[in-house]
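Here's a quick briefing to read alongside the structure. Have a look at it first, then come back for the notes.

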Amino acid sequence: MTTIDAETATTPLEFLVRKNLSAATPARVAEVHEDPGFGVVFTDHMVDICWSVKGGWHRPRVQPYGPIPLDPAASVLHYGQEIFEGIKAYRHEDGSIHTFRPDRNAARLQASARRLALPELPTEYFIQSLRELVAVDGRWVPSGADQSLYLRPFMFAKEAFLGVRAAQKVAYYVIASPAGAYFSGGVKPVRIWLSEDYARAGKGGTGKAKTGGNYASSLLAQSEASAKGCDQVVFLDEKRNVEELGGMNVVFVFKDGRIVTPESDSILDGITRDSLLQLAEDRGYTVERRPISIDEWREGVASGDIVEVFACGTAAVVTPIGALVGEGFDETQPLGELALSLREELTDIQYGRREDTHGWLLRLDA
Ligand SMILES: *Cc1c(COP(=O)(O)O)cnc(C)c1O
């Protein structure tokens with residue numbers, strides 16, 4: 001058993017690799033790559049690392065993908081101590097496999113862990129866990145247009161104890177799923193429902209952490225949105241400032257070249273948003289991270305000051321917002337060129353079609 005203390009982590013972990021003896025056939029992988037969808041088919045293996053108060057991070061393994069044995073009293077099932085990440089592996093034209101800003105995902109997982117009283121996985125271990133999975137399941141990284149292998153690292157409290165306290169035994173896993181173009185038939189503007197009855201997060205809560213509970217609390221509003229003929233929900237804070245969608249950040253483009261995105265301690269700090277805004281700054285746009293109220297949004301669109309509104313996140317990259325719908329109104333949003341042009345620049349970098357001047361890519365298969 002390898003036991004390494006998180007504080008002194010510099011040496012790589014030694015993963016025990018147990019190969020899946022009933023791995024998918026090449027024909028099956030090819031079939032999945034024809035139309036991967038999103039999050040429906042998983043690769044042959046998964047990574048897991050254990051953590052305990054006494055042993056620190058230990059027992060790093062690559063093993064066949066399959067059910068996780070869990071005691072019915074496991075804390076996560078009762079108190080929701082769970083956090084996750086979402087990051088993609090991209091295949092370049094020469095066959096090599098790269099990921100995008102994994103140090104940022106590692107840092108965010110650590111921040112989420114602090115908020116949920118879970119242990120912090122060192123950045124080197126996080127990156128190594130992605131490499132280990134790609135080393136055995138690299139053939140699952142598709143090569144079609146806008147396709148990728150979506151990697152889902154996650155961590156939860158697994159000790160069998162109904163008392164309420166910080167986690168003492170934890171499991172960290174990485175699973176992977178081939179992902180197709182999020183929008184079949186091109187990027188479609190979405191209709192957004194303005195939720196006035198429900199919040200996804202509150203001041204001092206867990207909104208800044210990537211944790212399952214934030215999604216659980218967004219689902220009723222999401223159902224309401226579907227019932228109103230909308231695709232997604234936008235949440236407000238109690239002061240009526242715009243926060244974000246259930247799982248994507250929001251960006252407003254102004255006529256005068258300013259780009260505004262909400263800032264608050266209850267919004268998930270998206271890496272896609274940060275990257276798109278960096279690319280916009282490189283083009284000479286001025287980026288403002290500040291509170292923006294629902295009134296400023298609606299009045300800005302009405303006056304023509306706001307010329308584009310879009311949502312962004314790893315899964316769908318960029319989604320133009322085509323309509324804002326609420327109790328008693330349905331307002332068409334202006335569509336511009338910037339969202340799709342930034343999307344193209346970002347994906348060109350991710351797929352190796354454009355120079356990576358910010359040093360955002362990390363090769364995973366070498
Ligand atoms: C993951 C996530 C995002 C997008 O973050 P990216 O790093 O861009 O993928 C936005 N909002 C929420 C609530 C999220 O969970």
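The notes below cover the ligand site and then the salt bridges.

Keep in mind that this is a predicted model. The ligand sits among 15 surrounding residues, and the space it takes up is the largest pocket. Across the whole structure, a search turns up 25 salt bridges.

**Around the ligand**
- Of the 15 residues around the ligand, the closest are Lys210, Tyr215, Glu244, Thr272 and Thr314.
- Sorted by class, that shell comes out as seven polar, four charged and four nonpolar residues.

**Polar contacts and burial**
- Glu244 has a side-chain N or O atom 2.5 Å from a nitrogen atom of the ligand.
- Arg108 puts a polar side-chain atom 2.8 Å from an oxygen atom of the ligand.
- On its own the ligand would expose 380 Å², and the protein buries 97% of that.

**Salt bridges**
- Arg28 and Glu31 pair up through their side chains in a salt bridge, with 2.7 Å from N to O.
- Both Arg28 and Glu31 belong to helix α1, which covers residues 26-34.

Terms used: Residues numbered from 1 in each chain as written. Predicted model: local features only at pLDDT ≥ 70, side-chain atom pairs only at ≥ 80, totals over all residues. Heavy atoms only, no water. Near = heavy atom within 4 Å. Polar contact = N/O pair within 3.5 Å; in protein donor to acceptor, adjacent residues only side chain to side chain. Areas by Shrake-Rupley, 256 points an atom, 1.4 Å probe, with all protein chains shown as cover. 1 Å grid on protein atoms, 1.4 Å probe; cavity = no way out; pocket = protein on both sides within 12 Å on 5 of 7 lines; lining within 4 Å. Sits in = over half its atoms within 2 Å of the grid points. Nonpolar A, V, L, I, M, F, W, Y, C, P; charged D, E, K, R; others polar. Salt bridge = Lys/Arg side-chain N within 4 Å of Asp/Glu carboxyl O. Helix = DSSP H or I, 4+ residues; strand = E, 2+ residues; numbered from the N terminus.
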